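Hi there,

Here is the structure I promised to pass on. My notes on what turned up follow below it.

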Amino acid sequence: MPFDFRGEFVVQKPPEAVFDFLADPGRFCPLLPDFQRLAAVDATHFTVELKVGVAHIRGTATMKMTLEEAERPQRARYSGQGSVAGGTVTTSSGFELQAVDGGTRVLWQGSAQVFGQLASLAGGLLEPLARKNVNRLMDSLQAALR
């Protein structure tokens, strides 16, 4: 079950400061909805754990993530895969940064693919929940970058 998301926002910080925030999992990951834990492996690999709950399915998602691209101050791109109660997930997300008067325009996009029992049991509940969590994350990012 695939999901794609995209949008943009403008913050009043320079692109370098925005990039430094987005390319640092220690600063970025705690803003993820239902964040539990972050474990760095090296400068570009880390594992993040999130609480998940869809209908009667509850558990922890353990995602192995990679900072695939980090071109300061223009872009950062992540990919990951992991296990979720009753299924697996692959994900990618990216940020393109553009300098604008007095700040930075952040163009973001992301995708996720859910496989397994979770996709079949939760079905139509997954996309609205994913959209809600993506919106929460973007609101948190904007607030953190003020």
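Phe-46 and Tyr-78 are both buried, that is, under 20% relative accessible area with a 1.4 Å probe and protein chains only, where over 50% is exposed and anything in between partly exposed. For Tyr-78 the relative accessibility is 2%. The ring centres of Phe-46 and Tyr-78 are 5.9 Å apart with the planes at 85°, so this pair is edge-to-face. Rings of Phe, Tyr and Trp (its six-membered ring) pair if their centres lie within 6.5 Å; planes under 30 degrees apart are stacked, over 60 edge-to-face and the rest tilted. Phe-46 sits in strand S3 and Tyr-78 in strand S5, 32 residues apart, so the pair links distant parts of the chain. Helices (H or I, at least four residues) and strands (E, at least two) are DSSP runs, numbered from the N terminus.

Before going on, a word on the source. This is a predicted model, in which local features need pLDDT of at least 70 and side-chain atom pairs count only at pLDDT 80 or more, while totals for chains, interfaces and linings use all residues. Residues are numbered from 1 along each chain as its sequence is written, and side-chain values use heavy atoms, with hydrogens and water left out.

Back to the rings: the count comes to four aromatic pairs. One of them is Phe-28 with Tyr-78, stacked at 5.8 Å centre to centre and 10° between the planes. Because Phe-28 belongs to helix H2 (residues 25-28) and Tyr-78 to strand S5, this pair ties together parts that are 50 residues apart in sequence. Phe-28 is buried too, at 7% relative accessible area. Ring pairs join Phe-28, Phe-46, Tyr-78 and Phe-95 into a cluster.

Leaving aside residues up to four places away in sequence, Leu-141 touches Phe-9, Phe-21, Leu-22, Phe-28, Leu-31 and Phe-95, contact meaning heavy atoms within 4.5 Å.

A polar contact of 2.6 Å joins the side chains of Ser-79 and Glu-68. (That term means N or O atoms within 3.5 Å, within protein one able to donate a hydrogen and the other to accept it; residues adjacent in sequence count only if both atoms are side-chain atoms.)

Best wishes
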